[in-house]
Amino acid sequence: MSESVADLTCVDLPGMRVYPERTDIEMGWQRAVSGGALKTTGQLLGPYRRLMTKRFVASVNDLQASLALLDTAGFTRFVECLRADIIRLGLQEECVVRSFAVVREAARRTIGLVHYSVQLQAGYVMLQERVAELETGEGKTLTATLTAATAAFSGVSVHVITVNDYLARRDRDLMAPVYEALGLTVGLVVSDMSGEERRRAYRANITYCTNKEVAFDYLRDRMALENRNSTLRIKLSRLFRSSATGSEPVMRGLQFAIVDEADSILIDEARTPLIISERTDPAAEQKTAEESLAIVDSFLEGEHYSY
């Protein structure tokens, strides 16, 4: 991995908050059209999307041949230019075509797998915030690399969310060489990890995790942030707390997620509420209660209260 690529992962993008809940990614004119006028006309939307998807896949295939001719140094320089363009321009159509092509080429060079056209279509659909359905054996794990790497190029934190620790670890191990060839870091969050281990994993460009772990980490972060949920308050807190990280949030925020087994996680699992509690000081609570009762005992009916 070249040094210039690694440096891009450390830059604070202009206007980005320290703990963002969501940062919209600019998709260009196509998204504005498909999300506006055509959305109101269902009969036109389907054919339009299919046409644009076919054109997109054809563009990726056309670029693939030239990328295969590049040596390692040339391929790295191409990725560097792509990342700089995405940070500067956003996920415009031309940038997304180049991104999918480099991810496909990186997979071929590292793990010997090449994304099929149906996988390119599915990755394109997911990048547009829609659900892509793939049958068993059609390569969902490999497909996710297209969307995850492209979103990570834009500088946002990407979470690939699955249903259990085994799948999260397996998918991370299988696809890590692809991301690393693109200059992206990969983290893993599973149960029984310490806060510092989680913090390091979430600092990666792409983090594989389970739905319950990411949900509880988010809840714990909200408790740790308390009223310091603005960028200025968090930065001031870090400045005055020096090296102490006990109450630091472990996540970088919630910006972009790819949900594996979406029907299970977003429907079946969502019926079970996730509850988190915080330890309190019983002595302090008792003192507060006694003081409150003492104040109430001093109230006079008709003067301080009435029925």
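1. The lining of the largest pocket comprises 20 nonpolar, six polar and 11 charged residues. Here Ala, Val, Leu, Ile, Met, Phe, Trp, Tyr, Cys and Pro count as nonpolar, Asp, Glu, Lys and Arg as charged, and the others, Gly among them, as polar.

2. The model is predicted: local features need pLDDT of at least 70, side-chain atom pairs count only at pLDDT 80 or more, and totals for chains, interfaces and linings use all residues. Residues are numbered from 1 along each chain as its sequence is written, and side-chain values use heavy atoms, with hydrogens and water left out.

3. A pocket is an open set of points on a 1 Å grid over the protein atoms alone where a 1.4 Å probe fits, with protein on both sides within 12 Å along at least five of seven lines; lining residues have an atom within 4 Å of a point. The lining of the largest pocket numbers 37 residues, and Ile258, Val259, Asp260, Glu261 and Ala262 lie nearest its centre. Among the elements that give two or more residues to this lining are strand 4 (256–259) and helix 12 (262–268).

4. The count of disulfides (pairs of cysteine sulfur atoms within 2.5 Å) is zero.

5. Asn205 counts as buried because its relative accessibility is 6%. The side chain of Asn205 reaches the backbone nitrogen of Thr185 at 2.8 Å.

Technical notes
Helices (H or I, at least four residues) and strands (E, at least two) are DSSP runs, numbered from the N terminus. Buried means under 20% relative accessible area, exposed over 50%, partly exposed in between (1.4 Å probe, protein chains only). A polar contact is a pair of N or O atoms within 3.5 Å; within protein, one must be able to donate a hydrogen and the other to accept it, and residues adjacent in sequence count only if both atoms are side-chain atoms.
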